[in-house]
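Here is a set of exercises to work through with the model open beside you. Try each task before reading its solution.

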There are 2 protein chains.
Amino acid sequence: MARKTKEEANRTRQQIIDAARAVFHRHGVSRSTMEQVAQEAGLTRGAVYWHFKDKTELFFAMREDVFNPLTVRIDAILLAESAVDPLDSIEAALKELFRVLEESPTIRQVLDIMVLRCEYVDEFARVQEEADRPGVEFLAKVEKAYQRAAIQGCLPPGLGLGPAELAHDTWAFATGMLHVLLAGDFERKLRISVDNMITNHMALRREIHRA
Amino acid sequence: MARKTKEEANRTRQQIIDAARAVFHRHGVSRSTMEQVAQEAGLTRGAVYWHFKDKTELFFAMREDVFNPLTVRIDAILLAESAVDPLDSIEAALKELFRVLEESPTIRQVLDIMVLRCEYVDEFARVQEEADRPGVEFLAKVEKAYQRAAIQGCLPPGLGLGPAELAHDTWAFATGMLHVLLAGDFERKLRISVDNMITNHMALRREIHRA
DNA sequence: ATGTACATACATTCACGTATGTATGTATAG
DNA sequence: CTATACATACATACGTGAATGTATGTACAT
């Protein structure tokens with residue numbers, strides 16, 4: 001074959017990323033070969049190696065292709081100052097996160113790959129750090145929301161925990177939910193929806209449920 | 001070399017498992033080679049292949065070597081009927097679980113391998129199911145403990161959530177804690193101990209903290 | 001005409017599985 | 001008790017496929 005226009009080349013690049021996502025999800029990152037990715041994209045290894053130096057670089061590209069838009073989306077809800085009750089912001093942000101996971105196969109696949117189909121060693125050790133960062137930043141933002149809630153008197157008296165402690169608990173909750181969800185068969189095992197679990201989690205720190 | 005007594009052979013087998021744990025943890029499961037495992041154990045691939053059919057079988061052996069004792073240990077605490085307040089049993093079981101993780105490098109390594117250094121595809125897809133099972137069983141036992149707590153009146157009135165919902169939340173919490181912990185640098189990022197996080201989590205469902 | 005965007009071809013490495021060798025433990029016959 | 005026969009517990013050697021990276025070919029956009 002021959003040279004394409006820049007636009008066509010960019011589409012080819014995106015095709016390779018999409019193919020990588022499918023192949024990584026099917027066989028796991030380390031067992032996936034550049035040949036498989038190329039075939040999935042309807043190309044040859046030559047094309048793949050032209051666009052990406054090696055598998056690691058391809059992996060990073062696939063990750064950023066999806067992650068950045070997602071964090072922006074969640075932060076918009078979480079940081080919305082307009083909310084009357086910051087607890088509602090936290091609840092809405094959590095629900096939006098998991099709603100997106102259900103609705104977008106692409107995002108779900110990438111998360112799936114990063115959690116269950118990738119080994120965080122050697123070159124991929126730094127992937128882990130970058131994969132953690134959104135979570136850690138999420139924690140900080142949740143804590144600020146809880147702080148606003150405390151100031152506005154939205155937290156029940158006698159709760160015993162401050163914003164930091166509540167945020168930590170919510171963080172662990174969200175992290176756990178994500179992993180349990182990706183492990184599969186969530187609804188079958190729990191017989192409860194993710195949405196309800198989030199409602200319940202937040203209910204534990206709302207005024208209305210106190211005696 | 002030549003034949004050893006059965007006892008010596010069993011020690012060799014254990015050495016291979018120990019070596020596998022070290023190598024898997026260093027390079028990840030899929031990038032680890034039987035040659036590396038053999039060298040780590042001071043043997044050759046012949047010995048490894050004699051004791052284990054392939055890498056998958058070795059992986060399973062390594063897992064069971066550690067997991068079964070752990071679940072027994074945790075269950076003993078969780079199911080102790082002697083406890084006055086079942087909430088204390090849950091709290092103690094959680095604390096024990098994470099205490100063991102801190103104190104036993106072996107257990108921590110195996111968990112680390114299973115969470116961060118293994119790709120759950122193809123032959124390892126069933127590993128995931130088996131890895132999930134202890135968690136699911138843990139969920140069921142925690143729910144029963146919450147049920148006992150409800151019957152004994154240990155749950156605060158007006159809490160709004162039943163035993164099942166509380167158990168789900170605790171399950172997500174524990175799962176999240178485990179993953180956050182294994183991701184590393186826990187204390188640096190949170191500036192709080194695991195023990196305190198568990199105390200706080202349980203405090204959210206204790207009578208004494210209500211207004 | 002030149003560099004771009006690929007395809008093709010090639011060399012190398014590497015891990016796997018297996019086949020085979022071998023020395024020793026162990027059981028049994030006499 | 002001891003000699004022999006067989007099983008065991010490895011080490012060694014070999015063949016094979018597969019993936020990688022690179023080098024080279026080629027057609028087209030600019």
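This is a predicted model: local features need pLDDT of at least 70, side-chain atom pairs count only at pLDDT 80 or more; totals for chains, interfaces and linings use all residues.

**Exercise 1. Describe the side of chain B that touches chain A: how many residues does it have, and which elements give two or more of them?**

Solution. First apply the contact criterion: the C-beta atoms of two residues, placed from the backbone, must lie within 7 Å. By that test, 44 residues of chain B are in contact with 44 residues of chain A.

Now assign them to elements, using DSSP runs numbered from the N terminus (helices are H or I, at least four residues; strands are E, at least two). The elements of chain B that give two or more residues are α7 (125-151), α8 (163-183), α9 (186-190) and α10 (194-203). Of these, α8(B) gives the most, with 12 residues.

Then sort by class, where Ala, Val, Leu, Ile, Met, Phe, Trp, Tyr, Cys and Pro are nonpolar, Asp, Glu, Lys and Arg are charged, and the others, Gly among them, are polar. This side of chain B has 22 nonpolar, 13 polar and 9 charged residues.

Finally, compare the two sides: 100% of the interface residues of chain B are also interface residues in chain A, so the copies meet through the same surface.

**Exercise 2. Are α8(A) and α8(B) roughly parallel or roughly perpendicular to each other?**

Solution. The axes of α8(A) and α8(B) come within 6 Å and cross at roughly 90°. With angles under 35 degrees called roughly parallel, over 145 roughly antiparallel, 65 to 115 roughly perpendicular and the rest oblique, α8(A) and α8(B) are therefore roughly perpendicular.

To see who takes part, look at the residues in this contact, including A:Phe173, A:Gly176 and A:Met177 of α8(A) and B:Phe173, B:Gly176 and B:Met177 of α8(B). The residues of the contact divide into 10 nonpolar, 6 polar and 2 charged.

**Exercise 3. Now stay within one chain: at what angle do α4(B) and α7(B) pack, and which residues meet?**

Solution. Helix α4 (residues 55-78) of chain B packs against α7(B) at about 5°, with the axes 11 Å apart. The two helices are therefore roughly parallel. B:Phe67, B:Thr71, B:Asp75 and B:Leu78 in α4(B) meet B:Pro134, B:Lys141, B:Val142 and B:Ala145 in α7(B). By class, that contact has 5 nonpolar, 1 polar and 2 charged residues.

**Exercise 4. Check the span of helix α5 of chain A, then find what covers its buried residues.**

Solution. Begin with the setting: chain A has 10 helices and 0 strands. The expected span of a helix is 1.5 Å times one less than its number of residues. For the 18 residues of α5 (residues 86-103) of chain A this should be 26 Å, and the end C-alpha atoms are 25 Å apart, which agrees.

A residue is buried if 20 or more other C-beta atoms, placed from the backbone, lie within 10 Å of its own, exposed if 12 or fewer, and partly exposed in between. Buried residues of α5(A) include A:Leu87, A:Ile90, A:Glu91 and A:Leu94. Their cover includes α4 (55-78), α7 (125-151), α8 (163-183) and α10 (194-203) of chain A.

**Exercise 5. Is B:Asp122 buried or exposed?**

Solution. Locate B:Asp122 in the loop between α6 and α7 of chain B. With 12 C-beta neighbours inside 10 Å, B:Asp122 counts as exposed. Its backbone is worth a look too: B:Asp122 has a positive phi of about 50° although it is not a glycine.

Notes. Residues are numbered from 1 along each chain as its sequence is written. Chains are lettered from A and ligands numbered from 1 in the order in which they are written. Axes are lines fitted to C-alpha atoms, for helices over the stretch in contact, and angles run from 0 to 180 degrees between N-to-C directions.
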